[in-house]
Amino acid sequence: MSLFNPEQIQIGISACLLGEQVRFDGGHKQSRYCLDELSRVFHYRPVCPEVAIGLGIPRKTIRLVNQQGDIRVKATDNSFDVTDQLADFSARQAQAMDFISGYIVCAKSPSCGMERVKLYDSETGYSEKAGVGLFTQTLMNTWPLLPVEEDGRLHDLVLRENFITRVFAYHDWKTLVSQGLSRQAMVTFHTRYKYLLMAHHQEKYRQLGRLIANFSDDLQADADAYFTLFMQTLMHPATRRNHTNVLQHLQGFFSDRLNSRQKQELADSIHKYREGLLPLLVPITLIRHYLNEFEQPFVDQQVYLNPHPEELKLRYGY
């Protein structure tokens, strides 16, 4: 039985990022952003793969070692090898986490790092930043569409917004599936995400529209194909140019409802956003304001206007 809960967005996280003293030296890598901000909207499922396989606290450090193409996880002094234990745990844990909607991992870790982890050559002893933590690699192989991000990369506003947008969208899809998959449900879902998808990648948005317009007799195959392309689309960070295009589309819905002053105010805010003089929040706020005055059900349902809670302040800085 899946532990997925439509009412609660659950994400996995490296335990050390929550301040748990599970690192090799008995310390932690506490992330204040995860603790103070993201904890308001996400329910964490902490994991420390190294402790889970029986390594003590404190413990000898481990590292990734390339042995003629075979990636091993070994103590830095070569006194032990935990590759098999870590691989077995990672496979079981990844499969058991089918209920999560995202994962935040600790950078540079030989078990949890997502990219640029030091990989040592067994013959020369030299290292290059070309490895992926064994647990995270297994997790991403098991759930290739799952939003995964490193703690350090969350300091980048664009990467942060993209990751959190994908987490909410992933959870939204899983909620749809849990409530009963149907072609009409998929059409409704796609309609709600129209402008968000357009902001992320216009060609892939058009491809998704063609998928929705040409269902086959196999509902599950259609759903799998749609969700794969849906998440791949959102993996592309939204650009200022695409945002401007979407804003202009939304502006068109109010063209016959606004007076000349209101039209100019909205047009100016979109232009200044395009030029980098205003954050995205400004034209979005104006559009929301006009929605309160003039009924536009199609626009009102667009996830683009509220892809994540305002309290996270993700559209304030760009």
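Trainee: How do the axes of helix α5 and helix α6 cross?
Mentor: The axes of α5 (residues 157-179) and α6 (residues 183-200) come within 11 Å and cross at roughly 170°. Axes here are lines fitted to C-alpha atoms, for helices over the stretch in contact, with angles from 0 to 180 degrees between N-to-C directions. Helices are DSSP runs of H or I with at least four residues, numbered from the N terminus.

Trainee: Roughly parallel or roughly antiparallel?
Mentor: α5 and α6 are roughly antiparallel. That term covers angles over 145 degrees.

Trainee: Which residues make the contact?
Mentor: From α5, they include Phe168, Trp173 and Leu176. From α6, Met186, Phe189 and Tyr193 are among them. Contact means heavy atoms within 4.5 Å.

Trainee: How many are nonpolar, polar and charged?
Mentor: The contact has 9 nonpolar, 3 polar and 2 charged residues. Ala, Val, Leu, Ile, Met, Phe, Trp, Tyr, Cys and Pro count as nonpolar; Asp, Glu, Lys and Arg as charged; the others, Gly among them, as polar.

Trainee: What sort of model is this?
Mentor: It is a predicted model: local features need pLDDT of at least 70, side-chain atom pairs count only at pLDDT 80 or more, and totals for chains, interfaces and linings use all residues. Residues are numbered from 1 along each chain as its sequence is written, and side-chain values use heavy atoms, leaving out hydrogens and water.

Trainee: New topic. How many aromatic pairs?
Mentor: The count is 17. Rings of Phe, Tyr and Trp (its six-membered ring) pair if their centres lie within 6.5 Å; planes under 30 degrees apart are stacked, over 60 edge-to-face, the rest tilted. Tyr170 and Phe227 make a tilted pair, 5.5 Å centre to centre, with 55° between the planes. Tyr170 is in α5 and Phe227 is in helix α8 (residues 219-234), 57 residues apart.

Trainee: Is Tyr170 buried or exposed?
Mentor: Tyr170 is buried, at 7% relative accessibility. Phe227 is buried too, at 11%. Buried means under 20% relative accessible area, exposed over 50%, partly exposed in between (1.4 Å probe, protein chains only).

Trainee: Which residues form the aromatic cluster?
Mentor: Tyr170, Trp173, Phe189, Tyr193, Tyr226, Phe227 and Phe230.

Trainee: And which ring does Arg183 sit over?
Mentor: The charged end of Arg183 sits over Phe215, 5.8 Å from the ring centre. Arg240 lies over the face of Tyr273, at 4.6 Å. The rule: NZ of Lys or CZ of Arg within 6 Å of the ring centre and within 35 degrees of the ring normal.

Trainee: Last one. Where is Lys272?
Mentor: Lys272 is in helix α10 (residues 260-274). Lys272 is partly exposed, at 39% relative accessibility.

Methods: Helix = DSSP H or I, 4+ residues; strand = E, 2+ residues; numbered from the N terminus. Parallel < 35°, antiparallel > 145°, perpendicular 65-115°, else oblique.
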